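Grab a pencil and work through the exercises below. Each one sets a task and then walks through a solution.

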Amino acid sequence: MSERLAEILEKYKNTIVSQLKSRITSDGKIATGDLHNSISGIVEGKSISIFASYYWYVVNYGRTPGKKMPPIRPIMDWMKVRGIETNKKNKKKGNRTLAWVIAKKIGDEGIQGTNFFWETINSIVPLITKDIEQSYLKDINDQINGNTKT
């Protein structure tokens, strides 16, 4: 792999990670910050791999109605961060009940996804494609002219 290509892939890995994080922020999908903080990437050979917390999928695609309820614990964590709690004397039991109600509603009605991942990737593909094409042309030109920067 050429040095130019490695630089391009590294640059776009950082761009993708940055834009995914920005998109989550602009979509208002930061509660605990776990998803935002989990987004990272690495360049492996001629490809870029992006990593994120397991629930990126639900944030991106949403959840169809009529499915199993989501787990209560993450909803309780979300409620705590958002300052949502019941006014009952036994707050712990009341909060768990409220989290169950929210989970039940999500299971019954689903939630809308943001499509943050694919919209971000699709906005970057034309840019990275153009840069990689130019990199290969420069590499070919260098080889024709006897330059060794590849």
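**Exercise 1: the largest pocket**

The largest pocket has a volume of about 910 Å³. (A pocket is an open set of points on a 1 Å grid over the protein atoms alone, where a 1.4 Å probe fits, with protein on both sides within 12 Å along at least five of seven lines; lining residues have an atom within 4 Å of a point.) This is a predicted model, where local features need pLDDT of at least 70 and side-chain atom pairs 80 or more, while totals for chains, interfaces and linings use all residues. Numbering runs from 1 along each chain as its sequence is written, and side-chain values use heavy atoms, with hydrogens and water left out.

Task: work out what lines the largest pocket.

Step 1. There are 25 lining residues, and Tyr 55, Val 59, Pro 74, Ile 75 and Trp 78 sit closest to the centre.

Step 2. Go by element: α2 (34-38), α3 (56-61), α4, α5 and β4 (111-112) each give at least two residues. The largest share, five residues, is from α4.

Step 3. Sort by class: the lining has 15 nonpolar, five polar and five charged residues.

**Exercise 2: α4 against α5**

Task: describe how α4 and α5 cross.

Step 1. The axes of α4 (residues 72-82) and α5 (residues 91-109) come within 9 Å, crossing at roughly 115°.

Step 2. The two helices are therefore roughly perpendicular (65 to 115 degrees).

Step 3. On the α4 side, the contact (heavy atoms within 4.5 Å) includes Ile 75 and Trp 78; the α5 residues include Trp 100 and Ile 106.

Step 4. By class, that contact has 11 nonpolar, one polar and one charged residues.

**Exercise 3: α1 against α6**

Task: find the relative direction of α1 and α6.

Step 1. The axes of α1 (residues 3-26) and α6 (residues 116-145) come within 10 Å and cross at roughly 165°.

Step 2. That makes the pair roughly antiparallel (over 145 degrees).

Step 3. Their contact divides into 15 nonpolar, five polar and eight charged residues.

Note on methods:
Axes fitted to C-alpha atoms, helices over the stretch in contact; angles between N-to-C directions. Helix = DSSP H or I, 4+ residues; strand = E, 2+ residues; numbered from the N terminus. Parallel < 35°, antiparallel > 145°, perpendicular 65-115°, else oblique. Nonpolar A, V, L, I, M, F, W, Y, C, P; charged D, E, K, R; others polar. Points joined across faces, edges and corners; volume = space filled by probe spheres on them.
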